[in-house]
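Please read the points below with the model in view.

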Amino acid sequence: PPDVEQLGRATWTFLHTTAAYYPEKPTPNQRANMLMLLRSLPVLYPCTWCAQDFGEDIEKNPPDVSGRVALSKWLCERHNEVNEKLGKVTFNCAKVDERWKDGPPD
Ligand code: FAD
């Protein structure tokens, strides 16, 4: 079975970075593909209990693919759901661009 922690860090890195660079005004095609990417996780993510819980979470909280700010916030909230479930500290979603796009202010 995969290393769930390493897989998780790699997957969150990919997802948050992709959200951070998602267009402000995505085309219908970009929106549709982002929706497919997110909806494929409950089907394909190779940590089965992670995939199951994530599927339930995104059913309650459907992806907002309308633009980068909304998508980054939505994804941050989903990651915080997992953080809470695992007893980790939650992340301040106001800092999501600083963490995944802009880097710390100087
Ligand atoms: P991670 O949680 O992997 O976070 C990586 C980095 O992201 C952090 O160092 C921080 O800088 C940043 N970050 C943290 N929170 C946020 C946030 N809310 N928004 C933006 N950036 C943030 N593991 C399980 O054991 N059980 C599960 O059910 C489970 N479900 C998962 C579901 C999904 C969809 C994914 C992608 C992963 C899941 N994982 C699960 C893995 C788990 O979330 C962690 O990736 C893993 O435990 C390693 O944690 P970490 O403390 O190294 O940091």
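1. A residue counts as buried if 20 or more other C-beta atoms lie within 10 Å of its own, as exposed if 12 or fewer do, and as partly exposed in between. The model under discussion is a predicted one. Valine 82, with 15 C-beta neighbours inside 10 Å, therefore counts as partly exposed. This valine belongs to helix H4. Between valine 82 and glutamate 5 there are 77 residues of separation in sequence, yet their C-alpha atoms are 12 Å apart in space.

2. Arginine 68 is also a residue of helix H4. Because 19 C-beta neighbours fall inside 10 Å, arginine 68 counts as partly exposed. Leaving aside residues up to four places away in sequence, arginine 68 touches Ala19, Ala20, Tyr22, Pro23 and Glu24. For arginine 68 and glycine 103, the separation is 35 residues in sequence and 17 Å in space, from C-alpha to C-alpha.

3. The pairing of H1 with H4 deserves attention. The axes of these helices, H1 and H4, come within 8 Å and cross at roughly 155°. Since angles over 145 degrees count as roughly antiparallel, H1 and H4 are therefore roughly antiparallel to each other. On the H1 side the contact is made by Trp12, Leu15, His16, Ala19 and Ala20, and on the H4 side by Arg68, Leu71, Ser72, Leu75 and His79. By class, the contact of H1 with H4 comprises six nonpolar, three polar and one charged residues.

4. Leu38, Leu41 and Pro42 of H2 meet Ala51, Phe54, Gly55 and Ile58 of H3. In the contact of H2 with H3, six residues are nonpolar, one is polar and none is charged.

5. Arginine 39 is located in helix H2. It has 14 other C-beta atoms within 10 Å and is therefore partly exposed. Arginine 39 and glutamate 59 stand 20 residues apart in sequence and 9.6 Å apart in space, C-alpha to C-alpha.

6. Which residues make up the largest nonpolar core? The nine members are Ala19, Tyr22, Val65, Leu71, Trp74, Leu75, Cys76, Val96 and Trp100. H4 and H5 are the elements that give two or more residues to this core, and the largest share, four residues, comes from H4. As for cysteine 76, its contacts are Phe91, Cys93 and Val96, when residues up to four places away in sequence are not counted.

7. The ligand remains to be described. It is surrounded by 22 residues, of which the closest are Gly8, Cys50, Cys76, His79 and Phe91. At least two residues of the shell around the ligand come from each of helix H1 (4-20), helix H3 (48-60), helix H4 (68-85) and helix H5 (96-102). H1 provides the largest share of this shell, seven residues. By class, the shell around the ligand contains eleven nonpolar, six polar and five charged residues.

8. Cys76 belongs to the largest nonpolar core and is one of the closest residues to the ligand. His79 takes part in the contact between H1 and H4 and is likewise among the closest residues to the ligand.

Key: Residues are numbered from 1 along each chain as its sequence is written. This is a predicted model: local features need pLDDT of at least 70, side-chain atom pairs count only at pLDDT 80 or more; totals for chains, interfaces and linings use all residues. A residue is near a molecule or strand if its C-beta atom, placed from the backbone, lies within 6 Å of it. Ala, Val, Leu, Ile, Met, Phe, Trp, Tyr, Cys and Pro count as nonpolar, Asp, Glu, Lys and Arg as charged, and the others, Gly among them, as polar. Axes are lines fitted to C-alpha atoms, for helices over the stretch in contact, and angles run from 0 to 180 degrees between N-to-C directions. Angles under 35 degrees count as roughly parallel, over 145 as roughly antiparallel, 65 to 115 as roughly perpendicular and the rest as oblique. Two residues are in contact if their C-beta atoms, placed from the backbone, lie within 7 Å. A nonpolar core is a set of buried Ala, Val, Leu, Ile, Met, Phe, Trp, Tyr and Cys residues joined through C-beta atoms within 7 Å.
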